[in-house]
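Morning, everyone. Please bring up the sequence and the structure, and keep both in view while I talk.

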Number of protein chains: 2
Amino acid sequence: MQLARYVGPNGIVHTGRIQHGRVQDIPGDPGILDLLTGPDQLRRDLLVRAGKQQRLPLEQAVFAVPVQPRAMRDFLVFEAHIAGMKKNEPGDGGVPPQWYEAPAFLFMNPWSVVPTGADIPMPPGTRRLDFELEVAMIVEHTVRDVPLDEAHEHIAGFTILNDWSARDIQADEMRVGLGPAKGKDFANTLGPWITTPDELEPYREGDRYALEMSVAVNGEVVGTDNLRNMSWSFEEMLVHASRDAWVGAGDVLATGTASQGALSERWARAGGELVIPPLQVGDVVTMSVQGLGSIRNRIVETVSPDHRVPAARRTYGADRL
Amino acid sequence: MQLARYVGPNGIVHTGRIQHGRVQDIPGDPGILDLLTGPDQLRRDLLVRAGKQQRLPLEQAVFAVPVQPRAMRDFLVFEAHIAGMKKNEPGDGGVPPQWYEAPAFLFMNPWSVVPTGADIPMPPGTRRLDFELEVAMIVEHTVRDVPLDEAHEHIAGFTILNDWSARDIQADEMRVGLGPAKGKDFANTLGPWITTPDELEPYREGDRYALEMSVAVNGEVVGTDNLRNMSWSFEEMLVHASRDAWVGAGDVLATGTASQGALSERWARAGGELVIPPLQVGDVVTMSVQGLGSIRNRIVETVSPDHRVPAARRTYGADRL
């Protein structure tokens, strides 16, 4: 099943089912998670009624964000991506041994989620705007300490994530040691809709899905990978995230960048040379994942007045402590 | 004004006003942010009626979390803390120059917030449990691109934050470069209540508040600082966080650790020696901030079955790309 939030004929955001290249309106406008977790009979009835509603061709549909997560965790599960990135960072150029031990992640700004079709304003102060091609898992229930053999019960579905990144801002921030913040908090595209796990069974290989992934700039493909190359499964990501901690219904657990899924990986592999130029105003980025659809956004001029704060006020001297 | 969420006589969580050492129940149980942003006349009426309600002595009150943030941003604005921490990290032992340029922050797990009084289960797999003494600002409205001279209009109030941290887990994670995750996602104490900015006017020095801060383990004070030592003001933190990004009503913007506000800073200054032992089951940590009250939590045995995931599956060879 593929479920979307989209702008209905009355201008209000509705829930719809994607089928046969059309959006079918689901009566009563339940949230996607409510529909998935509600009684089976109610869901079946609503889907039958949706099939009799007016249907909008996909090309005409304007999509909204499928879920509004409270927490978004972004992992780093593609080995070839981190191996490429490390080629142009301080250190020995190798993947840190700690990366192999457990699936590292960070929390992202949940307020920055935008749908496919949205314009992405160029963040002020960057000359290195980039994208990140990822797949996001949506959590179905609020859970804690999930064992591996139960993890699949808590996966509502999957969608595509573009974790937009300003690499120059990010690089400065990461030297402080907390990870990226302003380099990534301005926009994340999530969409176009949620595909439930049963739809992906034909692509299953063990505990991975073999889905072709690609990203194009202005129609030209600049990176491809396959989702089967995850070094941890989605179930393992949920086990790790929920160990001794709550993970909430609607939360996003994203893979992190696929290999070749960011320009910065190309730049790092080329020793820092901008072999593909950073994104510019007017560029259109399209990401497609087999079975999940595609998302498309255009970079536009900044809308931010770029308010800056002064440098740190010094409060520490060797004499103080 | 000081506003709390507390367990009322009927066992349900209510909103109350703290006054004269007692909790006064506010009729109709508005959320704290709703009360602060609602019509002035309604708020005045409710507060007058609260003064006539049954009053619970503070010692008898059981507090809940004052707000449930969607996003929690944790900054690092105390120079003496980062200077201390860097003394035992790889590198030249100094504060990175990038730290001085802008107030770095990271996002935390919003599901992990617990109130004062809650037991804190020892996270599985750590032998370096620690605390972080911080002050948290609560954002009043959902805002973006806030200019400095308007930032004060969006501050609902302040409370104390204890950002519990498992230092050994965190150290491994930080070598990957994304910042901490499992080292900090299990618990954050937020409380005991929200103090509105007008209450802190007597302590104001320019754009800082001169509030004594302290943390004690089992009744013995192990660290003190003063909130005036922030290298950026709360208003500046909001300007930075909201530059080209949404910051939501109820979001937390926290200072990061005050100097001496974490055992790990002591350990780093002593060259890694555990001059004060890590927290153990049974330890009680109390944090007090002048004008804001105090929070108190006890460490108890873990409740987690400690589900672990396997190491990374290798998917990358030099031949692949």
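Let's start with a strand pairing. In chain B, β12(B) and strand β14 (residues 188–195) run antiparallel and are joined by 5 bridges. Helices (H or I, at least four residues) and strands (E, at least two) are DSSP runs, numbered from the N terminus. Two strands pair if DSSP finds at least two bridges between them. One example: B:N162 has B:T189 of β14(B) as its bridge partner.

A word on ground rules. This is a predicted model, where local features need pLDDT of at least 70, side-chain atom pairs count only at pLDDT 80 or more, and totals for chains, interfaces and linings use all residues. Residues are numbered from 1 along each chain as its sequence is written, chains are lettered from A and ligands numbered from 1 in the order in which they are written, and side-chain values use heavy atoms, with hydrogens and water left out.

Back to β12(B). Strand β10 (residues 133–139) of chain B is also antiparallel to β12(B), with 7 bridges. There, B:L133 stands opposite B:N162. How many residues of β12(B) are buried? The count is 9 of 9, so the strand is mostly covered. Buried means under 20% relative accessible area, exposed over 50%, and partly exposed in between (1.4 Å probe, protein chains only).

Take one residue of that strand. B:D163 lies in β12, residues 155–163 of chain B. B:D163 counts as buried because its relative accessibility is 0%. What does B:D163 touch, leaving out residues up to four places away in sequence? The answer is B:D74, B:M108, B:F131, B:E132, B:E134, B:K184 and B:N188. Contact here means heavy atoms within 4.5 Å.

Now a helix. Helix α2 of chain B covers residues 40–51, which is 12 residues. From first C-alpha to last, α2(B) reaches 17 Å, close to the 16 Å expected at 1.5 Å a residue. The expected span is 1.5 Å times one less than the number of residues. Which residues of α2(B) are buried? They are B:R43, B:L46, B:L47 and B:A50. They sit on the same side of α2(B), because they cover an arc of only 100 degrees around the axis. The arc is that of the directions from the helix axis to the C-beta atoms. Why does the spacing matter? An α-helix has 3.6 residues a turn, so residues three or four places apart point the same way. The cover over these buried residues includes β2 (13–19), β3 (22–25) and α1 (32–37) of chain B.

Over to chain A. An open sheet of 5 strands runs β9-β23-β22-β18-β19, with mixed pairing. Its edge strands are β9 (119–121) and β19 (220–226), each pairing on one side only. Within the sheet, β22 (residues 284–289) and β23 (residues 293–300) of chain A are antiparallel, joined by 6 bridges. A:V284 has A:R298 in β23(A) as its bridge partner.

Finally, the two chains together.
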